[in-house]
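Student: I have just opened this structure and would like a guided look at it. Could we begin with the terms?

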Amino acid sequence: MAVTANKLRIRCTKAALRRQAALGGAFSVLVLALLANPASAVDWKFSPSVSAQATYTDNANQSHSDPQDSLILSVRPGFTLRSEGLRRIQASVNYGLDSVARFGENQSTDLNHNLGAIGKAELIEDFLFVDGSASISQELISLLGSPADATTNSANRATVGTYSISPYIQKRLGTFATAQARYTTSGSIFQNDVASNSNANSFTAGLGSGTRFDDFTWGVNYSIRKANNTNAVDTTFESASATAGYALTRKFRVFGTVGQDWNDYLSTSGTSGSSYSVGFGWSPTRRTSLEASVGERYFGNTYSFSGSHRTRSSRWTVRYSENVSDISQQFLTQTSRIFWVCNTGVTGILVRETQDFTNPDPTSCVGPVSSGGLASLLTTYYGYSINDLVALNLLNIAIANGVYIIKSFNAGVSWDVGRLGFGLSVQDTRRLYQALADAQDQVQGVTGSVSYRMSPQTTANGSLSLTRNSVDALLVAGGTARKDDILSLSVGLNRRFADKLNGALSFRHTQRNSNVANADYDENSLTASVSMSF
């Protein structure tokens with residue numbers, strides 16, 4: 001079938017490009033700050049790359065009544081820029097430009113920008129620092145629409161940009177305490193106004209116990225965040241707290257916190273009040289740690305739990321948390337996460353997350369990498385799918401409006417047996433919307449994966465996931481509660497043809513069952529990709 005001009009649609013509008021350019025300018029400020037340290041010599045490693053992908057699907061629009069075959073071709077030129085050789089300046093930038101062409105009954109083209117960047121600089125030794133992050137990505141608009149990525153079907157995707165620049169001072173007050181004061185300017189930009197664009201300014205200050213205190217620890221903290229939102233009321237989040245802890249033994253400690261919140265946002269219940277929590281931490285070995293707390297805030301009882309355990313062949317993690325958030329804060333939190341890609345030798349790669357820019361294993365780990373950069377790296381070079389990224393807790397956010405209480409549980413285990421690698425992950429995330437009397441959406445899922453190192457150059461992999469998306473009636477047009485179950489099965493091969501040349505071939509079957517008529521669908525797709533770095 002010939003391709004005619006009136007059948008091609010380019011969704012990357014001039015307005016979207018202007019917004020993305022403004023975001024790029026914000027990140028340029030961070031880069032200039034990193035380069036402005038005249039007392040330090042830093043090496044920058046620039047690695048250009050290009051990848052190409054071809055996908056055939058028998059249901060490109062994820063439709064129950066009108067499935068359409070489609071051949072989808074995409075090319076992504078891009079680059080990675082990473083600082084090397086200096087502790088005081090650490091930065092990583094990953095950018096790619098996706099050019100997509102779809103051929104079939106509904107022909108279209110797309111041009112998508114993808115950026116993942118994080119950085120930290122110590123401008124004045126042991127005193128003045130600056131952190132920064134920026135991202136551009138195509139995010140899920142609704143849990144009820146197509147779950148496909150933007151390459152396959154962009155109807156339920158919107159380009160989202162975030163940025164954050166945060167200078168702060170940190171000073172040791174002898175052995176008595178450590179003080180920190182931080183200012184942050186941040187924002188989020190949503191294509192086609194699918195959510196309110198936001199610009200926020202925040203200030204935090206804290207004082208914590210110094211090295212003089214062995215068994216007893218203490219801290220006081222204050223924070224305020226004011227956000228200006230387009231098409232929505234402005235919000236203010238303000239809090240103060242005091243914390244104290246005591247180590248009963250070298251392996252077991254207890255702690256408690258008291259505080260106060262003064263917030264201002266739309267809600268059918270209270271937005272301010274006192275808070276408290278008590279908890280314990282237990283670290284029986286260097287490889288095992290647990291921490292749990294229980295308390296109360298103005299919105300009700302609160303709970304938190306985190307744990308990790310490592311053996312020579314396995315890694316176990318579990319985490320549960322509750323907090324007040326909105327979509328801008330949720331995306332900014334995701335953007336600021338720090339990852340490292342580590343070579344395990346036998347079964348392939350291992351993704352590790354750290355709280356700071358300290359490399360967990362300089363002999364095998366490369367980084368730092370932002371969440372957006374990691375998603376790009378795993379899909380381009382290792383054949384990961386959207387469901388694989390969700391299992392890694394990288395892509396599980398649907399765009400929303402308003403303030404909500406977010407309750408999130410994630411657990412996972414991975415282990416190696418010879419050339420085999422196994423993984424199992426579970427997630428459960430609920431968002432309770434405060435302006436709608438705690439109406440909620442919920443994402444629950446379980447994913448199992450397996451990989452087999454057939455040779456030093458070839459790895460076979462497979463995954464099976466089941467996800468349930470539930471949305472209350474108040475959040476659904478038409479007023480009917482919705483519940484969808486999505487089953488996804490994939491198998492594939494990854495091949496390293498040369499040191500900087502990789503290829504992947506994968507088959508995927510996706511099935512959605514819904515309680516709403518005509519929302520069910522089945523899809524089969526076959527994808528071949530090749531990527532090269534220079």
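Tutor: Buried means under 20% relative accessible area, exposed means over 50%, and partly exposed lies in between (1.4 Å probe, protein chains only). By that rule, arginine 76 counts as buried, at 12% relative accessibility.

Student: What kind of model is this, and how are residues numbered?
Tutor: This is a predicted model, in which local features need pLDDT of at least 70 and side-chain atom pairs count only at pLDDT 80 or more, while totals for chains, interfaces and linings use all residues. Residues are numbered from 1 along each chain as its sequence is written, and side-chain values use heavy atoms, with hydrogens and water left out.

Student: How many helices and strands does the chain have?

Tutor: The chain has 4 helices and 25 strands; these are DSSP runs numbered from the N terminus, with helices (H or I) of at least four residues and strands (E) of at least two.

Student: How much of the chain is buried?
Tutor: Of its 534 residues, 45% count as buried.

Student: Back to arginine 76: with which residue does it form a salt bridge?
Tutor: Its partner is aspartate 98, and the closest N and O atoms are 2.6 Å apart. A salt bridge here is a side-chain nitrogen of Lys or Arg within 4 Å of a carboxyl oxygen of Asp or Glu.

Student: Which parts does that pair tie together?
Tutor: Arginine 76 lies in strand S2 (residues 70-84) and aspartate 98 in strand S3 (residues 89-104), so the pair ties together parts 22 residues apart in sequence. Aspartate 98 also counts as buried, at 12% relative accessibility.

Student: How many salt bridges are found in the whole structure?
Tutor: A search finds 11. Another of these joins aspartate 485 and arginine 468, at 2.7 Å from N to O. Aspartate 485 lies in strand S23 and arginine 468 in strand S22, so this pair ties together parts 17 residues apart in sequence.

Student: Are those two buried or partly exposed?
Tutor: Aspartate 485 is partly exposed, with a relative accessible area of 23%, and arginine 468 is partly exposed as well, at 32%.

Student: New topic: where is arginine 312?
Tutor: Arginine 312 is in the loop between strand S14 (300-310) and strand S15 (314-325). With a relative accessible area of 83%, arginine 312 is exposed.

Student: How far is its C-alpha atom from that of aspartate 416?
Tutor: The two C-alpha atoms are separated by 8.9 Å, although the residues are 104 apart along the chain.
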